[in-house]
Amino acid sequence: MSLLSIQDLQVEFSGFKALKGVNLGIGDRELVTIIGPNGAGKSTLLDAIVGKSPVSKGKITYQERDITNYKPHEIARMGIGRKFQNPNIYNDLTVFENLLLALKGSHGIFAAITSKLTRLKRHKITSVLEQIGLIEYAGTKAASLSHGQKQWVEIGMVLAQDPSVVLLDEPTAGMTPEETHATGEIIQAMSEFHSVVVIEHDMEFVKQIAQRIVVLHQGQNLAEGTVEQVQNHPKVMEVYLGRERIAA
Amino acid sequence: MTQVLPGVQESAFPRKLALMAGIGFLIFAVFPLLFGEFQISFLGKLFLFGSLAIALDLVWGFTGILSFAQGVFFSLGGYAMGYYLKLNLTAGSSDYGGNLPEFMVSNGLEQLPWFIAPLQYFPIAMVAMVLVPAGFAYLIGWFIFTSRVSGVYITIISLAIASALNTFFVSQQAYTNGTNGLSDIAPLSFFGAKIPPIGLYWMCLVFTTAVLIGAWWLTKSNLGLILRSIKENEARVSFLGYNIASYKIFIWTLSAGIAGIAGGLFVALNQFISPVYMAVPFGTQVVIWVAIGGRGTLIGPLAAALILGQVQNYAEQITQDWQLIIGVLLLIVVLFIPNGLMSLVPKQFGQAKSPSKSNSSHSDAGYLQAQLVDWITPLQKLIKTTLTIVRNNRPRC
């Protein structure tokens with residue numbers, strides 16, 4: 001039984017079908033990588049899962065509960081965390097404050113007013129800072145970080161939420177090769193405790209982390225399997241031919 | 001276990017800030033004893049305008065909701081107090097026949113409307129002064145914020161509310177006395193003793209100080225963090241599990257409640273309220289105080305209300321076109337100091353940072369420089385800093 005399962009999912013934007021029936025199952029502590037050409041509907045799929053884009057048909061089940069078209073904050077509280085494509089962190093706040101904001105716990109108003117920075121919270125934030133390697137930047141305003149570091153803060157915010165399912169939309173976009181590699185290690189460590197879904201373009205990176213790959217094309221499942229299986233899949237070769245060659 | 005994280009502040013009691021606020025409070029409490037009655041009342045009003053501006057700063061400066069309807073909530077609180085004082089004056093004098101205010105008589109009402117009658121009792125009037133504006137704000141807020149209306153549309157709605165309510169109060173001549181508003185009202189008194197102007201002034205001062213401290217404390221808590229995040233990127237906060245709508249409704253309602261009390265005190269001081277304070281021009285004035293003082297600074301809007309009020313007072317004596325002077329001032333601020341007057345004050349000032357903590361050696365030079373900009377106790381800080389540097393560089397055995 002999958003932790004998160006998506007059945008025949010369709011998403012429409014004023015007549016345009018971005019997703020035409022996608023199926024996907026993610027097991028507990030499984031690492032799934034989604035690839036596909038531009039416009040395949042990868043980001044839309046994540047948008048639909050977190051409640052950002054309305055689902056017109058199909059079903060999303062999480063922990064055997066139908067969560068289709070729930071509100072974003074409800075889905076987030078259930079334990080699905082999302083990292084967006086562009087770093088979406090709070091530039092005005094320090095790295096520490098960004099993580100404090102994301103920290104799992106009560107999200108009510110009075111809890112927010114009366115909450116104190118307990119030792120437990122400090123400890124939790126410190127451990128996230130260690131995982132993303134930014135411990136010495138705790139007090140730095142997020143605005144003054146490099147692009148790669150911002151991406152890590154964003155990943156850290158998802159970790160601080162302590163979700164069961166982590167959705168990462170292009171976590172390595174704009175990173176140097178070294179940063180990309182380090183990110184791969186962060187993600188692999190993450191998958192020991194969380195189910196992780198990664199959207200990626202960089203095939204080198206996909207090879208580093210991938211266990212199971214799902215290929216989307218024009219809003220539909222195209223293929224699924226290991227790196228080798230997918231690379232040698234006739235349909236995948238056809239789709240990528242003349243665009244970017246998948247074999248890197 | 002607790003690791004020292006560089007640059008992360010421990011939440012400590014802001015001694016410096018409290019001291020400054022205490023001194024300021026004492027000056028404003030004692031100084032007016034030298035003034036005449038008019039100046040005392042005038043300063044009291046400016047303080048109430050200041051608390052109104054602080055309340056708007058919570059909504060606009062911190063949460064990013066620009067509203068021109070702050071005057072509406074102010075007036076609703078003001079009318080609650082106004083009716084209370086009006087009814088108590090009328091009850092005492094039998095000139096107009098019973099306890100019906102003269103404008104109701106002249107407009108053909110024969111008895112006190114049921115929705116105004118309870119306001120003749122002090123406790124009910126006091127509760128209404130807070131709950132009517134807050135309840136009205138909650139209702140509007142619920143509709144606006146749960147329907148995901150955002151940005152400039154909220155501002156437009158606030159303009160519409162201000163205009164609509166103004167028109168409504170003007171049109172209900174029999175109940176509100178229209179454009180004339182409530183005048184010729186009883187002075188506020190406790191147990192039969194009339195409160196002198198200086199007493200009212202002190203009430204305003206204490207109220208505004210409480211609003212300032214309360215707002216400061218709120219915005220320093222996690223709530224402040226969440227509000228600032230909503231302002232910067234509200235979609236992202238909801239993906240962290242926060243229900244943005246409820247946060248917005250909360251701060252919007254709180255702000256209206258503060259405005260209501262300010263309005264009530266204003267009527268006690270001013271002896272007059274009219275729909276003018278609901279209309280867009282007054283709402284715009286509140287926005288101007290916040291913009292000129294500095295959004296998200298709390299003390300800035302208060303200072304701007306005090307200073308601009310005085311400027312306006314003098315400008316009015318010189319020329320009828322005093323609004324031109326305020327307008328030019330606003331232009332200058334928007335063009336040259338977009339973050340308001342508070343952005344001219346050195347950063348270090350007013351921040352609750354304890355000097356010897358959490359500063360690693362790599363930033364000693366910058367740290368020294370930052371401390372020198374502080375113009376409160378530069379010498380003391382310099383000595384402290386030098387001592388720290390000397391101590392850090394001492395050879396270890």
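Me: How many bridges join strand β1 (residues 4-13) of chain A to β2(A)?
Reply: In this predicted model, local features need pLDDT of at least 70 and side-chain atom pairs 80 or more, while totals for chains, interfaces and linings use all residues. Side-chain values use heavy atoms, without hydrogens or water; residues are numbered from 1 along each chain, chains lettered from A and ligands numbered from 1, as written. β1(A) and β2(A) run antiparallel, and A:Ser5 has A:Gly25 in β2(A) as its bridge partner. The bridges joining the two strands (DSSP E runs of at least two residues) number eight.

Me: Which are the edge strands of the sheet in chain A?
Reply: The open, antiparallel sheet has the order β2-β1-β4-β5, where pairing takes at least two DSSP bridges. An edge strand pairs on one side only, and in chain A these are β2 (16-26) and β5 (65-66).

Me: At what angle do α12 (residues 280-293) and α13 of chain B pack?
Reply: These helices (DSSP H or I runs of at least four residues) have axes 7 Å apart. Residues in contact (heavy atoms within 4.5 Å) include B:Trp289 of α12(B) and B:Leu308 of α13(B). By class, this contact has eight nonpolar, four polar and no charged residues. The angle (0 to 180 degrees, between N-to-C directions of lines fitted to C-alpha atoms over the stretch in contact) is about 115 degrees.

Me: Is B:Asn313 buried or exposed?
Reply: B:Asn313 lies in α13(B), residues 299-318, and touches B:Gln39 and B:Phe42, leaving out residues up to four places away in sequence. Its relative accessibility is 10%. Under 20% is buried, over 50% exposed, in between partly exposed (1.4 Å probe, protein chains only), so B:Asn313 counts as buried.

Notes: Nonpolar A, V, L, I, M, F, W, Y, C, P; charged D, E, K, R; others polar.
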